[in-house]
Amino acid sequence: MFSFENMALTPNDLNDEETVFYIKDFLVAEAITMIYGPPSQGKTWFMLAVSKLLATKIKKIYYIDFDNPKRQLKERGVNWLIEEHKNIKYFNKGKVGLTPEGFLSEIIKNAFGQNYKDCIFVIDSTRDFVDNIHNDTKAKSFMQNMKDIRDSGGTVLLIHHATKNGKVIDGSSEFAKSADNVYEFKQKVRLGNELQWSLRVENDRDAISDCGFAVDTITLDLKDIDPVFSNMSEYEESFVNKAKEILNKNPDGLGQTELLNQIGYEKTDKTARDTLDKFTDKFWSKYQEKKGKPITYTLI
């Protein structure tokens, strides 16, 4: 006789469970990871580079892009990306011929058991699948679909948007509450063909960390950058830039008090002293003959 009690977990069901990172400190397998930020931050560039990096490591990547037109996809190298990596299946609204809801329902039909084990689903972006992102019911329904994918072994990467001021997640709180891990995504700098970003942990259920990444927009190669650099606050950026400029003009170095004064802070300013220490051996070095003697800072 059938009993629902037979569906309960046993110790054996959990013995082999462990947290697996597809990308160290950032992307956890079988989790819903959401990045959010204001427009024109390069979120699609980042996801394309992630897709290229992981294409040789996992079974399939389903990139579901109902946001960008085909001409932009070609400009970003999607044509050669999907030619080179046959396991990247790229879906665009212009080719699919279904509504976003209809297409998503086709995916959910197979979201059971472990059908999506070792598969990544990139959703670019949530607002193209939820016609009113401020509606809690619609947002919750969408995120339940993402959970269904996750619970059938899949890994979900969501592109979401920030409010106009760029500081908080736009729309219903259901997006952030239902995602396993949430990052604030911000472009830091563009150097020729290279884009650099900071990813700051907003919410987490896994042992993720603040990260920094860069991508070459020609090759779509992704690389790590030091999160200490990429996650500098506006205060820290201003402090570091001023300190570097001053130390560059003083190659023999400056004492702590004089350096802080020239930056614009008193030696008693604890925040300024802590910032000076935080970036020591990153941008400048310090030398002290022995304890109690003056500290001299020089530019690296």
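**Sheets, helix packing and aromatic pairs in a predicted model**

S178 lies in helix α8 (residues 174–178), where helices (H or I, at least four residues) and strands (E, at least two) are DSSP runs numbered from the N terminus. The structure is a predicted model, in which local features need pLDDT of at least 70 and side-chain atom pairs count only at pLDDT 80 or more, whereas totals for chains, interfaces and linings use all residues. Residues are numbered from 1 along each chain as its sequence is written, and side-chain values use heavy atoms, with hydrogens and water left out. With a relative accessible area of 5%, S178 is buried, a term that stands for under 20% relative accessible area, with exposed meaning over 50% and partly exposed in between (1.4 Å probe, protein chains only). When its neighbours within four places in sequence are left aside, S178 is in contact with I32, M143, K147 and R205, contact being defined as heavy atoms within 4.5 Å.

An open sheet of nine strands has the order β5-β4-β6-β7-β3-β8-β9-β10-β11, and its pairing is mixed; two strands are taken to pair if DSSP finds at least two bridges between them. The edges of this sheet are held by β5 (88–92) and β11, each of which has a single partner strand, so one side of each is left without a neighbour in the sheet. Neighbouring strands are turned by 25° against each other on average, direction ignored, with axes being lines fitted to C-alpha atoms, for helices over the stretch in contact, and angles running from 0 to 180 degrees between N-to-C directions. Helix α2 packs on the sheet and touches β3 (32–37), β4, β5, β6 (119–124), β7 (155–161), β8 (181–191), β9, β10 and β11, while its direction makes about 165° with that of β7.

Within this sheet, β9 and β10 run antiparallel and are joined by six bridges, and a hairpin of six residues connects β9 to β10. Strand β10 (residues 211–216) is mostly covered, since five of its six residues are buried. F213 in β10 is the bridge partner of W197, and the bridge partner of F213 in β11 is D224. The pairing of β10 with strand β11 (residues 222–224) is likewise antiparallel and extends over three bridges, with K223 in β11 as the bridge partner of A214. Five residues lie between the strands in the hairpin of β10 and β11, where L220 takes a positive phi near 60°.

A search of the whole structure finds 22 aromatic pairs, for which rings of Phe, Tyr and Trp (its six-membered ring) must have centres within 6.5 Å, planes under 30 degrees apart counting as stacked, over 60 as edge-to-face and the rest as tilted. F46 and W197 form an edge-to-face pair, with 5.5 Å centre to centre and 70° between the planes. F46 belongs to helix α2 (residues 43–54) and W197 to strand β9 (residues 194–204), so the pair ties together parts that are 151 residues apart in sequence. F46 counts as buried at 0% relative accessibility, and W197 is buried with a relative accessible area of 0%. A tilted pair is formed by F66 and F103, at 5.7 Å centre to centre and 35° between the planes; F66 lies in the loop between β4 (60–65) and α3 (70–75) and F103 in helix α6 (residues 100–108), so parts that are 37 residues apart in sequence are tied together. Both F66 and F103 are buried, and one aromatic cluster includes these two rings together with Y62, F91, Y116, F121, F129, F142 and F175.

The axes of helix α10 (residues 234–248) and helix α12 (residues 270–278) come within 11 Å and cross at roughly 70°, which makes α10 roughly perpendicular to α12 (65 to 115 degrees, with under 35 counting as roughly parallel, over 145 as roughly antiparallel and the rest as oblique). In this packing, Y235, E236 and F239 in α10 meet T271, A272, T275, L276 and K278 in α12. T275 is buried, with a relative accessible area of 6%, and, apart from its neighbours within four places in sequence, T275 is in contact with Y235, E236, F239 and W284.

A further open sheet consists of three strands in the order β12-β14-β13, with antiparallel pairing. Here β12 (254–255) and β13 (284–288) stand at the edges with a single partner strand each, so one side of each is left without a neighbour in the sheet. Five bridges pair β13 with strand β14 (residues 295–299) in the antiparallel sense, and Y287 stands opposite T296 in β14.
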